[in-house]
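Please look through the structure shown below before reading on.

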Amino acid sequence: MIDNFPFIAVIIFVGLGIYTLMFKKNLIKIAIGVCLIENGVNLFLITLGYKKGAVAPIYTQVPSGQSMVLPTPQALTLTSIVIGIATTALILSIAMMIYKHYSTLDTEQVRRLRG
Amino acid sequence: MKQMSKIVRTITNLVYGFIIIFGFYVIVHGHLTPGGGFQGGAIVASAFALLLVSYGSLITKKFLKKDFLSIMESSGLTMFIVLAFLGLGITFFYNFLANIGGWFGNTPVIGPNPGDINTGGVIPLMNIAVGLEVLSALGVIVLLMASGAEFTKKKENS
Amino acid sequence: MKKIIFGIAFILFFSFMVITAINMRPFGEPTFSEMDDYFIKNAQVETGANNVVTSIVFDYRGFDTLGEATVLFTAVVGIVALFRRVSR
């Protein structure tokens with residue numbers, strides 16, 4: 001149980017994100033929920049590649065004879081972080097345009113038609 | 001966005017250059033130390049965001065041109081794709097400069113070593129290309145969102 | 001009514017995730033690592049870079065980086081198109 005503490009942290013992140021997506025109606029809060037789910041997934045990927053007592057996979061002045069952490073999940077997480085930045089920027093820009101047109105951020109009131 | 005107080009502007013003038021130098025250090029040493037193109041580009045873009053917060057978007061637009069940044073972003077992406085195509089004699093994304101001497105072609109000491117910047121083949125060049133792309137992309141995003149917030153606030157007051 | 005259904009679904013999903021996280025394999029012992037052992041052993045010989053993560057990002061898995069750069073470029077194009085000044 002206590003050995004699996006990083007997985008518990010991952011499900012706390014993802015659970016809070018899904019709670020925000022289900023129950024909140026503000027667009028900024030929905031963007032925060034999407035960010036929380038992204039961070040949970042990134043933490044999960046990094047956690048899967050950890051080896052006990054290992055160092056980072058960089059050969060510059062490393063102590064010799066030490067085992068190394070798996071490098072492939074770290075590379076894919078790097079890709080995932082940049083894609084997360086791009087989608088978050090697009091979500092926030094669309095929220096700003098919605099606020100400019102409707103003068104509100106509530107998803108219930110955005111639904112009505114405006115000429 | 002109004003510009004902030006004189007203390008913030010003085011500290012910004014002191015720190016701004018150092019942040020940009022540190023970002024380019026992280027980009028160029030990407031194949032030896034932790035870091036690389038994405039991380040260094042994000043650091044340089046955070047320097048742009050600091051300038052934008054402390055001086056306001058109206059004054060910052062005179063220093064940072066949006067058209068120049070978007071041209072630099074396109075050239076970074078084009079440089080990356082051209083570097084990928086240059087290895088096409090064998091495969092796409094082939095590392096054609098590694099271990100042959102000359103530019104970035106020294107053979108490194110196998111195992112733990114203090115690091116030599118002249119190794120890595122095509123990887124440092126790709127780091128520089130991706131770093132240029134990421135820093136200008138994030139700079140364009142920050143600039144455009146700041147000017148959009150200006151417009152929204154003006155409409156709110158009227 | 002809608003909130004009650006959503007609450008029950010959320011509690012079911014969250015308890016399922018908790019059970020899965022407790023029953024997962026122990027932290028710190030990866031099961032399969034043949035590919036990563038190959039990368040750690042041979043990346044310095046084949047690409048000449050000290051940083052194994054950078055040599056994976058730009059050499060072994062370059063297509064992922066190409067797609068990621070394209071996604072970033074597309075997001076910037078979308079934001080520029082969203083904030084353009086409409087002259088009328």
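On the surface, C:Met1, C:Ile4, C:Ile5, C:Phe6, C:Ile8 and C:Leu12 make up a nonpolar patch whose accessible area comes to about 660 Å² together. This is a predicted model, in which local features need pLDDT of at least 70 and side-chain atom pairs count only at pLDDT 80 or more, while totals for chains, interfaces and linings use all residues. Residues are numbered from 1 along each chain as its sequence is written, chains are lettered from A and ligands numbered from 1 in the order in which they are written, and side-chain values use heavy atoms, with hydrogens and water left out.

A patch consists of residues with over 30% relative accessible area and no salt bridge, where like charges are joined within 9 Å and nonpolar side chains (Val, Leu, Ile, Met, Phe, Trp, Tyr) within 5 Å. A salt bridge, in turn, is a side-chain nitrogen of Lys or Arg within 4 Å of a carboxyl oxygen of Asp or Glu. Areas are computed by the Shrake-Rupley method with a 1.4 Å probe, and for residues only the protein chains shown count as cover.

A positive surface patch is built from A:Lys24, A:Lys25, A:Lys29, A:Arg111, C:Lys2 and C:Lys3; Lys and Arg count as positive, and the charge is placed at NZ of Lys or CZ of Arg. A:Arg111 follows helix 4 (107–110) of chain A, a helix being a DSSP run (H or I) of at least four residues.

The table compares the accessibility of single residues, where buried means under 20% relative accessible area, exposed over 50%, and partly exposed in between.

| Residue | Relative accessible area | Class |
|---|---|---|
| C:Met1 | 74% | exposed |
| A:Arg111 | 64% | exposed |
| A:Ser103 | 48% | partly exposed |
| B:Phe93 | 6% | buried |
| A:Ala75 | 3% | buried |

In soluble globular proteins, nonpolar side chains tend to be buried together.

Two residues other than glycine have a positive phi: A:Ser103, near 60°, in the loop between helix 3 and helix 4 of chain A, and B:Phe93, about 60°, in the loop between helix 4 and helix 5 of chain B. Most residues other than glycine have a negative phi.

Key: Buried means under 20% relative accessible area, exposed over 50%, partly exposed in between (1.4 Å probe, protein chains only).
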